[in-house]
Amino acid sequence: MEPIKEKDRNNLFLIDNTANPAPLGLCAFGMTTILLSIHNAGITGLTSPIIAMALLYGGLAQLIVGLMEWKKNNTFGMVTFGSFGLFWISFAAILVMPALGLATAPTAVDLAAFLAVWGLLIVGLFICSLKMHRLLQVTLAAVVLLVVLLVAANLTGVHLIHTLAGITGIVAGALALYMGVGTVINEIYGRRVLPV
């Protein structure tokens, strides 16, 4: 066996044969958003399945995906998945900390401010998506609308707006889940089975 030449040794570290982490992040975002949005639409309560999903799948899984995207030199993926992962962990903490006596429960204005700040980031991500594929643009536009509706619902207390936010969130989550699962299906089949 021939020894590896110096120039080839350096190139070994540039080859990336690792799996695409984005489908995991999209599925985590999509499923967690759908579950919380079912609550926002008034169908379920805000119970432990939502908090667990926010902490572990929406939160931890997306945070890991963000780190994996960093390794793949994908700044957009790192910021998007890392931020959404930390959003879900923060959201769970907002619910859990008052129950544990570690913080005061947020007011509607507090929640509106929390969501509005995240909305600024999501608008920036949407602007980035304008240079990417259409399905991602539509998904992020739905997330922007979701945040606007949630901020309005918290500031006005109008139940109908909260329900509309729930429906919008179900759509946004379903789009993200479709992209995630569609990417895996296409990879497994080795061709474009689903347009993603």
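1. Buried means under 20% relative accessible area, exposed over 50%, and partly exposed in between, with a 1.4 Å probe and protein chains only. By that scale Leu60 is partly exposed, because its relative accessible area is 41%. The model is predicted, so local features need pLDDT of at least 70 and side-chain atom pairs count only at pLDDT 80 or more, while totals for chains, interfaces and linings use all residues. Residues are numbered from 1 along each chain as its sequence is written, and side-chain values use heavy atoms, with hydrogens and water left out.

2. Leu60 lies in helix α3 (residues 48-71); helices here are DSSP runs (H or I, at least four residues), numbered from the N terminus. Not counting residues up to four places away in sequence, Leu60 touches Leu55 and Ile89, where contact means heavy atoms within 4.5 Å. Asn40 is 20 residues from Leu60 along the chain, and their C-alpha atoms are separated by 22 Å.

3. Asn40 belongs to helix α2 (residues 22-40) and is buried at 7% relative accessibility. Leaving aside neighbours within four places in sequence, Asn40 is in contact with Leu150, His162, Thr163 and Gly166. Of these, Thr163 is found in helix α7 (residues 159-189) and is buried at 18% relative accessibility. With the sequence neighbours within four places left aside, the contacts of Thr163 are Asn40 and Ala41.

4. The axes of α2 and α3 are 9 Å apart, at an angle of about 155 degrees. Axes are lines fitted to C-alpha atoms, for helices over the stretch in contact, and angles run from 0 to 180 degrees between N-to-C directions. That angle makes α2 roughly antiparallel to α3 (angles over 145 degrees count as roughly antiparallel). The crossing of α2 past α3 is left-handed, meaning that the near helix is turned anticlockwise from the far one by less than a right angle. Residues of α2 in this contact include Cys27, Met31 and Leu35, and those of α3 include Met53, Tyr57 and Glu69. By class, the contact of α2 with α3 has 15 nonpolar, 5 polar and 1 charged residues. Ala, Val, Leu, Ile, Met, Phe, Trp, Tyr, Cys and Pro count as nonpolar, Asp, Glu, Lys and Arg as charged, and the others, Gly among them, as polar.

5. Helix α4 (residues 75-99) and α5 cross at roughly 165 degrees, and their axes come within 11 Å. The two are therefore roughly antiparallel to each other, and α4 passes α5 in a left-handed crossing. Among the contact residues are Phe84, Phe87 and Phe91 of α4, and Phe114, Trp118 and Cys128 of α5. The contact of α4 with α5 has 15 nonpolar, 3 polar and no charged residues.

6. Helix α5 (residues 108-129) also packs with helix α6 (residues 134-156), at an angle of about 165 degrees and with axes 9 Å apart. That makes α5 roughly antiparallel to α6, and their crossing is left-handed. The contact includes Ala112, Gly119 and Phe126 of α5, with Leu140, Val147 and Asn154 of α6. The residues of the contact of α5 with α6 divide into 19 nonpolar, 4 polar and no charged.

7. On cysteines, a search of the whole structure finds 0 disulfides, a disulfide being a pair of cysteine sulfur atoms within 2.5 Å. Cys27 is buried at 11% relative accessibility, whereas Cys128 is partly exposed at 40%.

Notes
Angles under 35 degrees count as roughly parallel, over 145 as roughly antiparallel, 65 to 115 as roughly perpendicular and the rest as oblique.
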